[in-house]
Amino acid sequence: MPSEKRDRLPLPMSELLQVLGPAFGIGLVVLTPKAYWQRLREARSLLSPTLYERQRTLTRAHLDGRILSHEPYLRPTPHCDAHAPEVIALADEFRQRATDDWDYARKLYDFVRNEIAYALEPASGFQVVTTLRTGCGGCLDKLNVFVALARAGGIPARYCTVGNVTALEQSKERPRLELANRLLKDMEGERAWSLRKLSRSLSRLISRVEHKVEAGQSFEMRFHPMAELKIGEFWIPADVTWSDAEAAAQGLPLPRFGYDPLILRRYRGSVLSRSEGAPIGKAYWVVRCVLCLLARGLVDHLNQTFEGLRAQGRQILAEMGQDEYIRRLRRFYVPVPGAAQHGLSLLA
Amino acid sequence: MTPANTDAPLQVGQSEACGPVAFADPRLQSLVLTHGSPPMQSDGNPVELALYTPHPFALQEQQAEALCYEAVHASFAYHLQHNAFYRRYAEAAGVCAEDLRGPQDLVKIPLIPVHVFKGCPGPHEFLPWLTSLSATDIAWPTAAIATDSYQEQIALLYRDCGIQVESIEGDNGAMLFLPFDRVSQRRNVHANILTFFAMYPEFRNLAELTSVTLWPPTFRWPSWIVPQERVRSLLDRPLDLAMLAELSAPQKPRRFVHRFFGRRQARQGIALLAGILARLKEVAATGMPGVLWIPSSLLGVLSHFALEQDGGLRLGSAWRVIQSGGWQPNLEQPLSAAELRMLAAQGLGILPEQVYDLYSPIGSLGPCALSCEAGYLHIPPPLVHPMVVSEAMEPLDEGMWGRFAFLSPLPQAFPGFIVTEDRARLWRRCPSCDRLGPVLDPAISLMHDGEDRSCGNIVRQIIAERLTT
């Protein structure tokens, strides 16, 4: 078996910028004024999210006299405020409905996956409460909510990262690139000149990466966040990135708590790191926030595309039936260690 | 090489239908008995029948298929009954023992991705994690083992419960663990011994055979094929220290040594290679036949070095080299399997046909395939049902590249139905030799989501660690 040298990035930064070209930079920001103008016309805040209709009002718990845990894996960590009154109120609500820790974790898992839409928003990453309020967020935002709610409900929770080696021979089958290709295709069909430019720049980048991989280089991205919840003796891994509809739209198995997260199977296979706090520093949030604000138009477009994807996924599930969908992909449902003793029910 | 089916019989004694399994070859029998007694023949367990079947590489396809099916079926039923984790998985997949009605149904058996065995969250959770994946009828310790070290826990499990936990560390630091209870240990070792001698029957006639190893002691193959006193390790600690003491390395630094050991350790590396060569020459000078067990990575470097030093070694026709570990040499350019074979032949003074490959899909921990003279990897047909599957986990046709998976009925402590991280293609029979049974193309590589967890990687780490101390 050949031992391969793996790079952290598919291309050096200079080459990356060269391939993307100036059109990419222009394309990023050219739609931004329109996006903000749209918000002003609709009498919305300039910082309001794309999917503003998902915003919700949160109730706050009274914390007077309440003992909050400061034990490791139960206490708040940066970007994961498990002691926020809104988080505790929601956790209490789930606790009342859950029969035990497993049931509580499962309910949280489904809530975070399905009720918080996958979308990029500049502000939601800073605070769990903001993500809950806006009702949307990226993988790390959703994870922060999941970990915070678990901790607030008395279940120790921690963050993990999974490595990801991408290469050509599988790239077409990988959900991420499938998704990327879909988004690009969608952009290519847009009327806006800038979106078409962006799509071409990104397509150029993908083909350059594929060329590199063809020449024998594979690259490694050491990051996809996941959580582990300690229930009984076991740390149960869980990936809350995709909702049922999003998974169905991509042809992936519907995620279920207690079953091996697909990310472990499709990507590297091992958890690379585990930590109490979110595995990303402040710089990430700041860069993400600035980029999202500068490229508001593009971000709105991507978020709308995801919304379309969800609609498509819901239609697939409605036509086929959830049980039948799961039945077709049931070989992918490997229980995680420790899950066998709990009441796992894959089919409704 | 004489095909297995025309060689001296390796057979189960038919006269002792109620006694333990016996072998016609007393030398083989003594080797096998060193690693546990075979069960009584009257046991009738299909797994044991498949394991002790004579001439595995001479069985007709249907015969082998029937034996393998019965064994895998029995093993599947066993794991459904005794392994809660696997039972849940099979339930989720909607497969039960009654669904297997013939060899054509083996593809229904749910395959465990190998990463499941790498999922231990840490030493504190080691025992509960391991037990949750294993059969319940194993005598696991009732109390938690109070230590933070994997190795200490593994040693205690072996001492107190007879459970051997094999482990391999991958290049990202995640450990893969597989538990072997006494039955699984015995079956694993016996299967490997019997497969080896069935594959290379000429070794049975070499009474003075020496097993020379460049592997750490955790690689046990060298001591399975000869009595322990005929095993010579060239990489044990005293020998390493002696080599390091010899450091002088006046030679001009070589680029391939730099690549293998790293620039800082190149000088020590040269001395290490020189030491290994000197020892090998000593062993070869005795004139006794031998088998050299060597990681693929080291084979390339050592052969290259031997050629540069004094035109190469002269091991001769009585020697065989068995390379494994899959980790290709870091030479100037990557070598194909045939090129590496040629380089080894030139460097060590043997014929290319005397260089064999040992392929182990999950380190050296499970079933293995051995190469024929043309390099095709032969899978013992009654013991392993091999498959190549797509990313959708659908079996692929013969000759198509995909992910290698196998059904092995041998392990009892964990289900041996595993989908690996190796990219392979399968043929129903060898295009090159007369041995029967499925073969894998020699060009096995890692799937791109796989990690370098081969044993060769471990050897490289050991050498690097020792050179820096």
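Visitor: What confidence does the predictor give the complex as a whole, and what does chain A average?

Guide: The complex receives an ipTM of 0.79 and a pTM of 0.82 from the predictor. Chain A averages a pLDDT of 82, and 82% of its residues score at least 70. Over residues 1-6 of chain A, however, the pLDDT is below 50, although the model gives this stretch 19 contacts beyond near neighbours in sequence. Residues 166-176 of chain A also stay under 50, and for them the model has 21 contacts beyond four places in sequence.

Visitor: And where in chain B is confidence lowest, and where is it highest?

Guide: Chain B has a mean pLDDT of 79, with 79% of its residues at 70 or more. Within chain B, helix α9 (residues 237-245) has the lowest confidence, at a mean of 39, while helix α3 (residues 61-82) has the highest, at 95. The pLDDT is also below 50 over residues 1-18 of chain B, a stretch with 45 contacts in the model beyond near neighbours in sequence, and it stays under 50 over residues 327-332 of chain B, where the model has 30 contacts beyond four places in sequence. Where pLDDT is low, the predicted coordinates should not be read in detail.

Visitor: What makes up chain B in terms of helices and strands, and how much of the chain counts as buried?

Guide: Chain B has 14 helices and 16 strands, and 51% of its 469 residues count as buried. Among its contacts between residues at least 6 apart in sequence, 67% join residues at least 24 apart.

Visitor: Why is Cys368(B) called buried?

Guide: Cys368(B) has 25 C-beta neighbours inside 10 Å, and the cut-off for buried is 20 or more, so Cys368(B) counts as buried. Cys368(B) lies in the loop between β8 (355-359) and β9 (369-371) of chain B. Leaving aside neighbours within four places in sequence, Cys368(B) is in contact with Asn192(B), Thr195(B), Leu358(B), Tyr359(B) and Ser360(B). The C-alpha atoms of Cys368(B) and His378(B), 10 residues apart in sequence, are 8.7 Å apart in space.

Visitor: Why does Thr59(A) count as exposed?

Guide: Thr59(A) has 11 C-beta neighbours inside 10 Å, and exposed requires 12 or fewer, so Thr59(A) counts as exposed. Thr59(A) is found in the loop between α2 (32-41) and α3 of chain A, and its C-alpha atom is separated by 6.4 Å from that of Ala89(A), which is 30 residues away along the chain.

Visitor: Why is α3(A) called roughly perpendicular to α6(A)?

Guide: Helix α3 (residues 85-97) and helix α6 (residues 139-152) of chain A pack at an angle of about 70°, with their axes 9 Å apart. Angles of 65 to 115 degrees count as roughly perpendicular, and therefore α3(A) is roughly perpendicular to α6(A). The contact is made by Val87(A), Ile88(A), Leu90(A) and Ala91(A) of α3(A) with Ala148(A), Leu149(A) and Ala152(A) of α6(A), and by class these residues divide into 7 nonpolar, no polar and no charged.

Visitor: What makes α12(B) oblique to α13(B)?

Guide: The axes of helix α12 (residues 296-310) and helix α13 (residues 337-348) of chain B come within 8 Å and cross at roughly 45°. The roughly parallel class takes angles under 35 degrees and the roughly perpendicular class begins at 65, so α12(B) is oblique to α13(B). Their crossing is left-handed, and their contact has 8 nonpolar, 6 polar and no charged residues.

Definitions and conventions:
Residues numbered from 1 in each chain as written. Chains lettered and ligands numbered in written order. Predicted model: local features only at pLDDT ≥ 70, side-chain atom pairs only at ≥ 80, totals over all residues. Axes fitted to C-alpha atoms, helices over the stretch in contact; angles between N-to-C directions. Helix = DSSP H or I, 4+ residues; strand = E, 2+ residues; numbered from the N terminus. Parallel < 35°, antiparallel > 145°, perpendicular 65-115°, else oblique. Contact = placed C-beta atoms within 7 Å. Nonpolar A, V, L, I, M, F, W, Y, C, P; charged D, E, K, R; others polar. pLDDT = per-residue confidence, 0-100. Left-handed = near helix turned anticlockwise from the far one by under 90°.
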